[in-house]
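Dear colleague,

Please find the structure handed over below. The notes that follow set out what was found in it, with the conventions used.

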Amino acid sequence: MSVAAAIRTRDVGELPSRRDEDWRWTDLRGLIRVLPDASEAFTGTLSPGPFDRLAADHHVLVNGGDARIDVAAGKKTLVALRLVSRGVGAHASRVTINLGAGARLRLLESYESDGASVCQTALTITLAEGAALERIVLAQDHEDAVSVSQAEVRLSPTADFGQTIVASGARRQRLETRVVHPGGRASARMDGVYLVADKRHTDHTTVVTHEGVDGTTSQLIKGVARDQARAVFQGKIIVSEGADRTDARMGHHALILSDRAEVDAKPELEIYADDVSCAHGNTVGAMDEDALFYARQRGIPEPEARAMLTEAFIGQVIDRIWFEDARKVVRKWAAERLRV
Amino acid sequence: MLSVSNLHATVDGKPILKGLTLDVPAGEVHAIMGPNGAGKSTLSYVLTGRQGYDVTEGGATLDGEDLLALEANERAAKGVFLSFQYPLEIPGVPALTFIRTALNAQKKSRGEPEITAPAFLKLAREKAAALKIDFEMLKRALNVGFSGGEKKRMEIFQMAMLSPRFLILDETDSGLDIDALRIVSEGVNAMRSPDRAMLVITHYQRLLDYIKPDRVHVLAGGRIVASGGPELALELERDGYDRYAKAA
Ligand SMILES: Nc1ncnc2c1ncn2[C@@H]1O[C@H](COP(=O)(O)OP(=O)(O)OP(=O)(O)O)[C@@H](O)[C@H]1O
Ligand SMILES: [Mg+2]
């Protein structure tokens, strides 16, 4: 049962539903009565993508298709990967990314849609020993779209993987990352930011499975939900038997700015090993009204004060992005959505 | 300058101020003393427009203008500044960024041009030096992890930067060490001028040795129950509030 299979067979029975434990808050089966026809091939010209100016190497998939990015051992590169949906059809894309030993990749990945499309992207990412990948994902979907991205990441010892997923929701938007972590001084950063408004929905689901000793995972997800929007965070870190001396930290913090917005969070640490250092924190709350009054007493009008405080809240995740140019793009993107 | 008359106010529905009358003319410094829970901080929040502090009767004007009709930020732009008894932490916003945003918002509200970045930095260096504040501290998130005394000093730094006309100091002396008390007091005294006025809330005469008040008021039970010259503070230090508790 998978979104990809449903799109391929046009059988809604293949869609994940409430009955699937980790889809209970993003029930596609209950939402989609009939799957749209396959998307048509796109022939027009595309407007610029969010990372065009930063990368020389571009992979653009419109309405499905396959892409492959290989970075040879010891090489270093910067790639923009743009996944675009045009129209109201259904389609799936597949992306394979391989980093050789000691290779370094900055991946600037973006999702865009312009209507009630149903799309799924499957990414298979492999890092050899000592490789480093920073994945920045900017998901800016249409309010009527159903957009699913599913990444499977396999790390080798001493590899460094960092990701920051930034999302503004869709009719249903699901951003899923599963990491197989070998320990061995490899590290994973699993960050995310969501800013959802109107009736949008976003779902950040991550699973990191530590299989060997001496691995590190650090996760910080922050989000803001307003209007009638809904955000879902499901973060799981599994420390398998024998994955001793794992260091895993998870934090999810959300601000709810209206009575009708909703945030559902399920942070989980499952530990079967010894001498493990783990911490997790999860907070969902309203804006700090006292801090807001303090800012207003200094002369800052209320809307500006609110924007300043929420930007600062989100900024603590953005600051963790390694690549400075991407950090700027993300910061600007967030500011535009918060200063409304 | 500030004129408060027969002010009644509730906090979350509970009556706290019960007919408070007070006049602070331009150029003067007035001290307010009074027992814990008398309503001193409540008065400062009512004057600055904090949510949940509702005026049920009476009023307050600044230079004849109805203060209570204005938004909190508008009052600030008119020159009302409160040095908080418990300053708030602003995570993720560097002190300098916060103050520049505030200063420019006030200027915008008054129809003045924004301050340029170099002019702002020059002003900040000057004021920080006068208050012996390490400039590096101003790059940290405002008040986050600051000690109690550092927060109080930062309040006075903000005051110096924003250059308000009506200053309310709510227990600015609490938490300050002996040297800091002197430095902060000098900072406050530097702001005394014929077109400014101050309301200094304190429990201790010691502060008033540095910041010499023109008048001293006793606030008890939500009202001003006695007023006098600086000697009243000395008398309170000696005798306590017993006799005023009855008056309230
Ligand atoms: N949210 C609230 N709900 C109910 N009562 C409140 C609330 N906030 C304050 N009060 C009460 O209002 C009264 C006045 O408080 P206020 O802080 O103004 O006193 P104060 O004179 O500043 O005291 P202190 O010298 O201890 O600072 C106190 O009895 C306090 O408990
Ligand atoms: Mg008080």
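In chain B, K139(B) and E136(B) form a salt bridge (a side-chain nitrogen of Lys or Arg within 4 Å of a carboxyl oxygen of Asp or Glu), and their closest N and O atoms are 3.1 Å apart. K139(B) is partly exposed at 46% relative accessibility; the classes are buried, under 20% relative accessible area, exposed, over 50%, and partly exposed in between, with a 1.4 Å probe and protein chains only. E136(B) is likewise partly exposed, its relative accessible area being 47%.

Please note that this is a predicted model, in which local features need pLDDT of at least 70 and side-chain atom pairs count only at pLDDT 80 or more, while totals for chains, interfaces and linings use all residues. Residues are numbered from 1 along each chain as its sequence is written, chains are lettered from A and ligands numbered from 1 in the order in which they are written, and side-chain values use heavy atoms, with hydrogens and water left out.

Over all chains, the salt-bridge rule gives a count of 42. One of the pairs joins E134(A) to R189(A), with 3.0 Å between the closest N and O atoms. Strands (E, at least two residues) and helices (H or I, at least four) are DSSP runs, numbered from the N terminus. Both partners are covered: E134(A) is buried at 4% relative accessibility, and R189(A) is buried at 6%.

A further pair in chain A is R306(A) with E302(A), whose side chains meet at 3.0 Å, N to O. The two residues lie four apart in helix α4 (residues 302-318) of chain A, and about one helical turn therefore separates them. R306(A) is partly exposed, with a relative accessible area of 28%, and E302(A) is also partly exposed, at 28%.

Salt bridges also link five residues of chain A into a network: D22(A), R174(A), E176(A), R178(A) and D203(A).

Finally, helix α1 (residues 40-48) of chain B is mostly covered, with nine of its nine residues buried.

With kind regards
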